[in-house]
Number of protein chains: 2
Amino acid sequence: MIIVGGTSTNGVDGRLSKLTGYPLVKVESKLFPDGESYIRIPASLDGEEVVLVQTTQPPQNKNLLELLLTLEAIRDMGATKITAVVPYLAYLRQDRRFTDGEALSAKTILNLIHAAGANTLVVVEPHHRESMDYFPGEVRIVDPIPSLAREARKRVERPFVLAPDRGALERAERLAKELETNFSFLEKERDRKTGEVRIRQADIPPLNGYDVILVDDIISTGGTLAEASRIAYSSGARSVISVAVHLLLVRDAMNRLREAGIREVIGTNTVVPEERVTLVDVSDQIAVRL
Amino acid sequence: MIIVGGTSTNGVDGRLSKLTGYPLVKVESKLFPDGESYIRIPASLDGEEVVLVQTTQPPQNKNLLELLLTLEAIRDMGATKITAVVPYLAYLRQDRRFTDGEALSAKTILNLIHAAGANTLVVVEPHHRESMDYFPGEVRIVDPIPSLAREARKRVERPFVLAPDRGALERAERLAKELETNFSFLEKERDRKTGEVRIRQADIPPLNGYDVILVDDIISTGGTLAEASRIAYSSGARSVISVAVHLLLVRDAMNRLREAGIREVIGTNTVVPEERVTLVDVSDQIAVRL
C-alpha cells in the first residue's frame, strides 16, 4: 500500500502515513500561466494498492479537477486498487431535484470520481448519507461526531444540543448521545427566490442556564447558525458554541457568528479556513477505515 | 434536435440555432456563496437529440465542471443522443508523458466528457489531432484556418506565413495554402527548468518586403510569438500580424505582442479575451458539422 498526497490535504496524508506505516508520496504540481493544473506523481505505482488523499475545499473546482487528474494518473501507472480519501467532498448538497431540469451535482461528481479510477471512496460526514449511493463503487463514511463531542465537552459545563434546522436533527441526536445530554431543533424556512433564511421558533424547551451547542455539517455564510444562536440566547441560553464538520466560512461568516454571540467555532481539518477556529484532526478516524 | 446553451458560449449557441433552425434553450445557472455552481435546464429533453454548447475558456476549471454537470443533467433528462460542442477545449496540451508519472490531462478530460454523457464531441482546432483519439465516442474537428485566412487576407498585401515553432508548422502550411503563399518555421527551445523559451533562428528566407503572418493554435502569455515577431523584423519583414485560434492572452500578453511590433491579433470566438482583438466567428463551421 502506498499513500499519495494530493495537492490539497491539510496534512491528513502525512498523518495517515504515520498512523498506518504506509509510505507517503507527495504529488508535484504547478499552475500553467493560463490557469491549467499540472500534476506528476514521482513514484512507481505499478501493481500497488494506492490511497489518494485529496480534499475538495475551496477552490472546489480546482481541487476537484486535480483529484480527477491524479486518480487517472494513478490508474494509468498500473495501480491495482485505488482508494480515494476525500475528507470534504464538495457538491454533495445538490443531490435531489427541487425543480425539473436541475443538475444533480452530487451524482455527477460521484460518477466522475469513479470514472477517473477510484474503486473505493472515503468521505467524512457527507451532507446526506443516501446520496453516496450514487457512487458506483464501495463507500466508507467517516463519523467525526465522537471526536467533535470530546472537543466540545472541554468547553461547556451544562450542554444542550440544538440543530438549526430539521436537516441537522440526526446529527444533533448523535452529538447529544455522545455528550449524554438532550437535544432539539429549529424549523428553517428558505425563501426560494431570494435565498434568504428565516427560522421559525418551534417548541424549544427553556434553555435557561444551559450551554447551547449548535450543530451542523457545513458552515458556509453562517447565516443559519447566527440566527439560531440569537434564538438560543433569547430562550435563556447561558452561552452558545457551534460544532460543525466542514468550516467553509465564506465571506464574513466568522463575524456573523461572533456578532450572534457564538463563543467558539469547532470543526475538523477536512477544510482549513483562514479564520482562527478550533480544528479536530480526522486522520485517526480515516486510518481505521483504510 | 434541441440546442442547449451552456454557461459559457460566446454567443455560438444562439448563432447555431439561427443557422440550423433548431430551438435554443439557455441553461439557468448561479454560484452558491461557497463557490459551487448550480445548473438548471428549463426544458423537456426526454427522447430528444441534444447539442450542448459550452466552451472551456478561462476560468477553465469552472467551465469544465459546468460542462460535466450539464452533460449529466441532459442525459438524466432522457436525451437519446448528446453532442457536446466545446469550441475551445482546455487541458489538451498535456497529452503525452515527458516525464514518468505525469497526469495526461487530455486523456482524463476527454474520458470525463464521455463519462458524463457526451456521445459526440465537436472541438475547434485541438492542439494535436491525435490526442482526440482518447475520446471514446465520435469526434468531429472543426478547422477555422480558412476563415482566419480570409480575415488575414484583408490585412496584408504580400503575405508570408511563419510558424514560431515546429509544432505550428502544419498549421502554417494550411494557412499558406489558403493564402497561396509560402511558409517557414522557427526552432523553439524551452528550458525545462525555468520554462523560459528561446528561439533559434533556422534557415529563414529573407523576409524583405513581406507582411509576415505568425500562426499558432493558442496564444497564452505571448512570449513565443513576441520573440518570433522580433526575428521576423530582423529578417527584413515589412509588417507582422498574428493569427491564432484560441486567444487566451493571459497576464500582459497583449502588451508583449504590441511591443514586439505585432500590428494585429486575429483569433476566433472560441475564447473571448478582454483585450481588443479581431475575432472570427466559428459558428458557421460548427453548424455544418452537426
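In this predicted model, Gln94(A) is in contact (heavy atoms within 4.5 Å) with Glu102(A), Ala103(A), Leu104(A), Ser105(A), Ala106(A), Phe32(B) and Tyr38(B), leaving aside its neighbours within four places in sequence. Gln94(A) lies in the loop between β6 and α3 of chain A, where helices (H or I, at least four residues) and strands (E, at least two) are DSSP runs numbered from the N terminus. With a relative accessible area of 9%, Gln94(A) is buried; buried denotes under 20% relative accessible area, exposed over 50%, and partly exposed in between (1.4 Å probe, protein chains only).

Arg93(A) is found in the loop between β6 (81-86) and α3 (105-115) of chain A and is partly exposed, at 27% relative accessible area. Beyond its neighbours within four places in sequence, Arg93(A) is in contact with residues including His127(A), Asp34(B) and Glu36(B).

An unreviewed UniProt entry places the feature "binding site" at Asp34(A), Gly35(A), Glu36(A), Arg93(A) and Gln94(A). These positions span 61 residues in sequence, and the farthest two C-alpha atoms are 30.2 Å apart, so they do not all gather at one spot. UniProt annotations may be inferred rather than shown by experiment.

Chain B superposes on chain A by a rotation of 180 degrees with 0.0 Å of shift along its axis (RMSD 0.0 Å), by least squares on the C-alpha atoms of residues with pLDDT of at least 70 in both. This is the relation of a two-fold axis. In chain B, the C-alpha of Asn61(B) is nearest the axis, 2.8 Å from it.

Residues are numbered from 1 along each chain as its sequence is written, and chains are lettered from A in the order in which they are written. Local features need pLDDT of at least 70, and side-chain atom pairs count only at pLDDT 80 or more, whereas totals for chains, interfaces and linings use all residues; side-chain values use heavy atoms, with hydrogens and water left out.
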